Amino acid sequence: MTEATAGPVLVVGLGNPGSEYERTRHNVGFMVADVLAERVGGRFTVHKKSGADLLEARLDGRKVLIAKPRDYMNLSGRPVAALARFFSVPATDVIAVHDELDLPFGDIRLKRGGGEGGHNGLRSISQALTTKEYLRVRFGIGRPPGRQDPADYVLKPFSAPERKEVPVIVEQAADAVELLLRVGLEAAQNQLH
């Protein structure tokens with residue numbers, strides 16, 4: 001994403017639909033998208049051509065599309081690619097907000113491209129966009145304790161001590177999205193990392 005780009009940016013919060021997943025580690029992307037929607041005073045509506053909940057807004061003078069795919073995490077790519085096509089958003093102006101096992105709980109990191117680290121939502125997006133060169137806002141959830149399967153861990157609710165901190169970290173992740181939109185990747189990384 002460059003300052004010279006005038007087109008819309010697509011911010012995608014990753015998660016799973018359904019109340020049983022609402023408070024799980026895998027749904028931090030949805031939580032961040034909800035905070036961004038609250039900040040702009042908007043509401044999500046269903047975008048029928050993509051099958052995603054969508055909110056069109058302006059952040060820092062730029063048109064921003066905030067989306068939550070209505071498909072399960074491992075199928076996120078189809079609605080993301082459909083939105084990118086419909087609104088003519090290049091893959092380089094797509095921002096995926098997701099949980100990250102490889103970061104300690106509460107760390108927020110920004111990057112462009114790279115591997116998916118076993119994250120099925122990212123893998124689906126990379127396949128659907130036919131590139132890995134989209135932006136990522138990585139929300140650290142830490143590794144599972146002991147021998148717990150990572151697939152089970154991400155679908156569990158946060159622990160009681162973590163739950164107290166989650167709202168603050170979700171706000172910080174939303175701040176990171178806004179910073180990324182305002183100053184671009186390199187400057188945002190310099191401020192956050």
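## Contact and model

Two residues are in contact when heavy atoms of theirs lie within 4.5 Å. The structure described here is a predicted model.

Several pairings can be followed residue by residue. Strand β1, residues 9-13, pairs with strand β4, residues 62-69, in the parallel sense over four bridges. Within this pairing, V9 has V64 in β4 as its bridge partner.

## Helices on the sheet

## Strand β5

Is β5 enclosed by the rest of the structure or left open? Seven of the seven residues of β5 are buried, so this strand is largely enclosed by the rest of the structure.

Strand β5 pairs with β1 in the parallel sense over four bridges, and V11 has I95 in β5 as its bridge partner. The pairing of β5 with β7 is likewise parallel, over six bridges. In that pairing, D99 stands opposite F139 in β7.

## Helix α2

Helix α2 covers residues 77-86 and is mostly covered, with seven of its 10 residues buried. These buried residues are G77, P79, V80, A81, A82, L83 and A84. What do they pack against? Their partners are β1, β2, β3 (52-59), β4, β5 and α3.

## Helix α5 and its two partners

Two packed helices are described by the angle between their axes and the distance between the axes. Helix α1 (residues 28-40) packs with helix α5 (residues 160-183) at an angle of about 70°, and their axes are 9 Å apart. An angle of 65 to 115 degrees counts as roughly perpendicular, and α1 and α5 are therefore roughly perpendicular to each other. The crossing of α1 past α5 is right-handed. On the α1 side of the contact are M31, V32, V35, L36 and R39, which meet V166, V170, E171, A173, A174, D175, V177 and E178 in α5. By class, the residues of this contact divide into nine nonpolar, no polar and four charged.

Helix α5 also meets α6. Their axes come within 7 Å and cross at roughly 135°, which makes α5 oblique to α6. This crossing, too, is right-handed. Here A176, L179, L180 and V183 in α5 meet L185, A187, A188, Q191 and L192 in α6. The contact of α5 with α6 has eight nonpolar residues, one polar residue and no charged residues.

The loop between β2 and β3 contains S50. Is S50 buried or exposed? A residue is buried when its relative accessible area is under 20%; the value for S50 is 1%, so S50 is buried. Leaving aside neighbours within four places in sequence, the contacts of S50 are R78, P79, A82 and L83. The C-alpha atoms of S50 and R85 are separated by 9.6 Å, although the two residues lie 35 residues apart along the chain.

S88 follows α2 and lies in the loop between α2 and β5. S88 is not a glycine, yet has a positive phi of about 55°. With a relative accessibility of 61%, S88 counts as exposed. T130 is found in the loop between α3 and β7. T130 has a positive phi of about 55° and is not a glycine. At 68% relative accessibility, T130 counts as exposed.

Note on methods:
Residues are numbered from 1 along each chain as its sequence is written. This is a predicted model: local features need pLDDT of at least 70, side-chain atom pairs count only at pLDDT 80 or more; totals for chains, interfaces and linings use all residues. Side-chain values use heavy atoms; hydrogens and water are left out. Two strands pair if DSSP finds at least two bridges between them. Helices (H or I, at least four residues) and strands (E, at least two) are DSSP runs, numbered from the N terminus. Axes are lines fitted to C-alpha atoms, for helices over the stretch in contact, and angles run from 0 to 180 degrees between N-to-C directions. Angles under 35 degrees count as roughly parallel, over 145 as roughly antiparallel, 65 to 115 as roughly perpendicular and the rest as oblique. A crossing is left-handed if the near helix is turned anticlockwise from the far one by less than a right angle, and right-handed if clockwise. Ala, Val, Leu, Ile, Met, Phe, Trp, Tyr, Cys and Pro count as nonpolar, Asp, Glu, Lys and Arg as charged, and the others, Gly among them, as polar. Buried means under 20% relative accessible area, exposed over 50%, partly exposed in between (1.4 Å probe, protein chains only).
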